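Here is a walk through a predicted complex, from its domains to its helix packing. Keep the model open as you read.

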Amino acid sequence: MQINLTINGAEQSAEVEPRQLLVDYIRSTGNTGTHIGCDTTSCGACTVLVDGTPMKTCTMFAVQANGKTLTTVEGLKQNGELHPIQTAFKEKHGLQCGFCTPGMMLTSAALLEQNPDPSEDDVRWAISGNICRCTGYVNIVKAVQHAGELIREN
Amino acid sequence: MTTTADQVGHLHTPPEIGGIGHSVRRHEDDRFIQGAGNYVDDIELPGMLHMAILRSPVAHAKILSIDTSEATALEGVVAVVTGELMAEHNLAWMPTLSGDTQAVLATDKVRFQGQEVAAVIATHPYIARDALGLIFVDYEELPAITSPQQAMADGAVLIRDDKEGQADNLAYEWESGDKDVTDRAFAEADKIVSLETHYPRSHPSPLETCGAVADVDPASGQVTIYMTSQAPHAHRTVFALVAGLPEQNIRIISPDIGGGFGNKVPVYPGYVIATAASLLIGKPVKWVESRTENLISTGFARDYHMKGELALNSEGRILALRTEILSDQGAFFADAQPTKFKAGLFHIVTGSYDYPAAHVVARGAYTNKAPGGVAYRCSFRVTEASYMIERLVQNAAYDIGMDPAEFRALNFIKPEQFPYHSPTGFVYDSGDYETAMRKALGIVDYEALRKEQAEARAEGRLIGIGMASFTEVVGAGNSKDYDILGLKMFDSAELRVHPTGKAILKLGVKSQGQGHETTFAQIVAEELGIPAGDIKVLEGDTDNTPYGLGTYASRSTPVAGAATAMISRTLREKARKIAAHLLEASADDLDWEPGKFFVKGSPEQSVTIQDVAFAAYTNPPPDEQPGLEGVHYYDPPNMTYPFGTYVVVVEVDAETGEWNVDRMIAVDDCGVRINPMIVDGQIMGGLTEGFAAATNQFITFDDEGNCIGSNFMDYLVPTAWETPRFELDETVTPSPHHPIGAKGVGESATVGSPAAYVNAVIDALAHLGVRNIDMPLLPDRVWSAIQNATG
C-alpha cells in the first residue's frame, strides 16, 4: 500500500505491506533513535509524536500514519539547537543506558507543550506509560521540570 | 596504594579538569539525547539476513520429529537450522559460564518452555517469523518439574539425562563455614530465631532485549559479532572454545547496550546460532529477540528457597548462623559463578554482624524452567544473602524484645575490627556500620517515628519502619579465588596520551548505562590533570581494547577503575622524567599538582602535562622511550565491601492489605565517590529494583511449566507513578586497598533495599505476631497474613 507522511519535516512516500508496524517503518527510514522494547505497547521506547500526540508505534501499522506528521527524537533538535528537554535530560542525569530516553523525551515534550510548569505528580502521570529500567525516574522527573523552566525562560 | 584521609571530601582538581568528586555531566549523553546511540538492532550491514528462533511451546518433551520442508520452501527463506545440523558441526551443545552444558538447538528433548528448537534465516525479519509457523515439530510430552522440591523428590523424572553420570536432578551442592562449631553454638544458645522464605524468580529485563549481528567473511575467515555483551572478551574466548575458531579471527563488538543488569552476561544460543548461520551462508545474520523471548528464555534471577536460623544469647548477641538453600536453576546450570563458588557469594550471608560461627549449605536443582540464576544487578547471589540476614536480624530483635536498630548496633562489626575475618572466609576490607545506621535513623527521626507508630497503632492504623544494614562483597576478584571458566577475574586499562595532550583510555569492561565514558575519564583527570573532557573512553571492541572480564558484580570501578588509576600513575612517573628533561632539573626536585610539574620552591618554573605530552613525541629525553602510552592489568588484592543502611516507612491498610511507602531513606557508603551525580543515579535505580522485588515483579509457572510473566503486561516492572520518592545521604569509608579508595556502587541498592521494604511491612504487623510474608508483598498476601494473625 502507498503511504504519504512527514517525518521530522521531510515528506515521504513509500510502498509498505499492510501489516508493517509503524516502528519498523520509522526505523527503516534511518531514524533508529525510535527503539523497540516490548512489542506490547507497555514500555514506550517506540514513542513518537503523531500530529503532536505521543503514540506507541510498536502497535500501530505504518498505514495508520498515512497523511500524518511525525516527530521522532531525531527531529527534536531544531536549527542546530537542542530542544530544552534534551538539554535538561543531560543536565539532570535523566538517562543512563539511553534506550528509553527518546520515547521518554518525546512524551515529556508533549506534556510541556500543554503544561510548561508541571508538578511532580503531573510528570509522573504523564510518563507512566514509559518504562525506564535504570534511573528510578527521580532524575527524569527533575529533567522534565527543568526543561519546563528553560521553556518558560524563553 | 593507600588512600589518604584528604581524599575524602576534598576536591584535588578544579571543575575545568573534573577529576574525582565532580558531578561531571556525562560525555555519552550527547549521542543518546539525539537518538544517535548505536545499539545492536541499529546495525545494518550490506546483504544482511534476519534470523528468528522457533521455541518449544511445552516445558518437557521428547522431540520425535521436526519437519522444516514447508518453511524452507517459503519465498525469502534462505535456511532453516535445526539441532541436527548444529550437531553435524559439533555445535548442538555449548558450555555455560558455570561449567555446565546447555543445548544450543534441541536435539533429543526440550527441557523448558521457550527452549530453542530451530531457527529460520530469511531476507526479511517478517518472513523469518512467518516461516516459524511452517515448521512442524512432533513432541511427546513428559511430566514437567516446576519446583526444586519436586525435582529433589524420590522418583522425580530425570531432566538432564543427556549428562553422563547424572542420576538425579541435583545441579550442585556446596557448603561454607564450620558445621560442628556452628552446631555447638546453637546447642548453647538461649534463643533460636528462624525464618523460612522464598526469594521469587525475577528477570532483569533490560529495556533492550538481547541480540547479535554475526558477520563472517568467507574469504578471510574473519568473524565479527556485534553482541549485547557485558563481557565481550570472555565471550570471545568462549566462542573460540565452542566453535573451535582461531581467537585472533574473532572480534566481538558490544556497541551501546540498553541496560544489562546481569541479563547480558551469559552466552545465549541465539548468538551461537546466528554466528553458525553466518558461517554457513557467508552473509551477515541479525538476531534480535522479542520481549517475550527475553523473559521466557534468557537468564532469570533469584528463585532461592531459604531457611535460616540465628542462635542468640540472652543479652541479644548473635552466636551463630546456619542456613540452608535450595535454588531453582532451571534446565541448565547457566549462572555465571566463579568456579570455586557454586552458590556465588551467598556465604556473605553473615552480613554486617560479628559472630564466630556460621554454616551454609546450598543445593541447586534442575527444573523444567528457563536456565539462569544470573546475578540481577548483584554480585553473585549477594542479594539473596543480604535479604536473608536482614530479615532474620529484624525478626530476632522482635523475638528477643529489642529495638531492631539497637539489636543491630549491639551486633555490628566495629570499625576497629577491620580487616574483619568472617566465619565463612571473607576478609571485609573496611566499614563503619553504626555511623551509617545512625545517620539514616537521624534523617527519619527514628525515636519520634516510633512514638508516632505507637500512637497510630492505638488508633488502629498500621505504620511500619523497616531497616536493612547491608554489606556487599563486590569487585571480583583476586585471582587466587575468582575465575570464570578458569579465566582469572583481573581487568585492564590502556592509556594513550596523544602529542596534543588529549588521551584515549581503552578498557576491558563494558558500560551498559553506568557512565564509564565519564567516570573513567575522571580517574585519569584526577591522576594526570588532563581535563576529563579531553579523554575518550573506548570499550566493547575486543580488537581494540585490552583483555578484561567485563562489567557485572559491581567490578568495573573496583578492578578496571584501579587499573586506570595505576596506568595513569605509571604515565605520570614517566611524565615526571620528561618534565625534568624540559626544565633541566632533577626528577626528584619536581613537585606535582594536577596538570603541572614545577621545580620545588620555584613554582614559576613549570611545565603542563600537555607540554610533557608534546615533548614525549617531539623532544623525549635521550634515555627514555618516546611516547606516553601504557597498559596495566590489575589483579585486586581483595574484594571491596560497600555497605549502608536503608530505612523504609510504610503504612499498611489492614482492610485491603495494600501498603504505601511514605519514606525511603538510603545512606550508602561506597568509599570514595568518583562522580556523585552518577553514584546517586545508580542508587536510585537500585532502590527502584528493590521496590519492584518487594511489590510486583516476579515470574511464576503453572503446573505444566507454562511461564506466567512472559511480557510486560504480566511481568510488572515499576513505572514512575508507583515508584517511591527517595532521600539519599552518604558516609565515606575508603577501601584501604583500592588505589582511589572506591568500592563500586551499581548494585548496593538492589542488594540492600528489598529487605528494608519487606521489613517495613513486617514491622507494621509485628505486634500481631507476623514474622514473614514471601515476596512480592501483594495486597492479598499481606491481607491474608493479617487475617491469619488476628484469627
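**Domains, interface and helices**

In chain A, 21 Å separate the centres of domain 1 of chain A and domain 2 of chain A, taken over C-alpha atoms. Domain 1 of chain A spans 2-75 and domain 2 of chain A spans 84-153; such bounds come from an automatic or database domain assignment. The model is predicted: local features need pLDDT of at least 70, side-chain atom pairs count only at pLDDT 80 or more, and totals for chains, interfaces and linings use all residues. Residues are numbered from 1 along each chain as its sequence is written, while chains are lettered from A and ligands numbered from 1 in the order in which they are written.

The two domains of chain A touch. Domain 1 of chain A brings 17 residues to the contact and domain 2 of chain A brings eleven. Two residues are in contact if their C-beta atoms, placed from the backbone, lie within 7 Å. On the domain 1 side, β3 (47-50) and β4 (53-56) of chain A each supply at least two residues. The largest share, three residues, comes from β3(A). Helices (H or I, at least four residues) and strands (E, at least two) are DSSP runs, numbered from the N terminus. By class, this side of domain 1 of chain A has seven nonpolar, ten polar and no charged residues. Here Ala, Val, Leu, Ile, Met, Phe, Trp, Tyr, Cys and Pro count as nonpolar, Asp, Glu, Lys and Arg as charged, and the others, Gly among them, as polar.

Now cross to the partner chain. In the contact between chains, 40 residues of chain B meet 41 residues of chain A. On the chain B side, α1 (29-32) and α17 (676-695) are the elements that give two or more residues. The largest share, seven residues, belongs to α17(B). That side of chain B has 17 nonpolar, 15 polar and eight charged residues. The predictor gives the complex an ipTM of 0.99 and a pTM of 0.97.

How far can chain B be trusted? Its mean pLDDT is 96, and 99% of its residues reach 70 or more; pLDDT is the predictor's confidence in each residue, from 0 to 100. Residues 1-8 of chain B stay under 50. Where pLDDT is low, the predicted coordinates should not be read in detail.

Chain B is assigned domain 1 (11-37 + 491-634), domain 2 (40-142 + 209-257 + 264-297) and domain 3 (300-421 + 429-476 + 638-790). The C-alpha centres of domain 1 of chain B and domain 2 of chain B lie 40 Å apart. Their contact takes 14 residues from domain 1 of chain B and 16 from domain 2 of chain B.

With helix α18 (residues 748-765) of chain B, α10(B) packs at an angle of about 30°, the axes 8 Å apart. Axes are lines fitted to C-alpha atoms, for helices over the stretch in contact, and angles run from 0 to 180 degrees between N-to-C directions. The pair α10(B) and α18(B) is therefore roughly parallel. Angles under 35 degrees count as roughly parallel, over 145 as roughly antiparallel, 65 to 115 as roughly perpendicular and the rest as oblique. Against helix α11 (residues 404-411) of chain B, α10(B) packs at about 110°, with axes 8 Å apart. These two, α10(B) and α11(B), are therefore roughly perpendicular. Val393(B), Gln394(B), Ala396(B) and Ala397(B) of α10(B) meet Pro404(B), Phe407(B) and Arg408(B) of α11(B).
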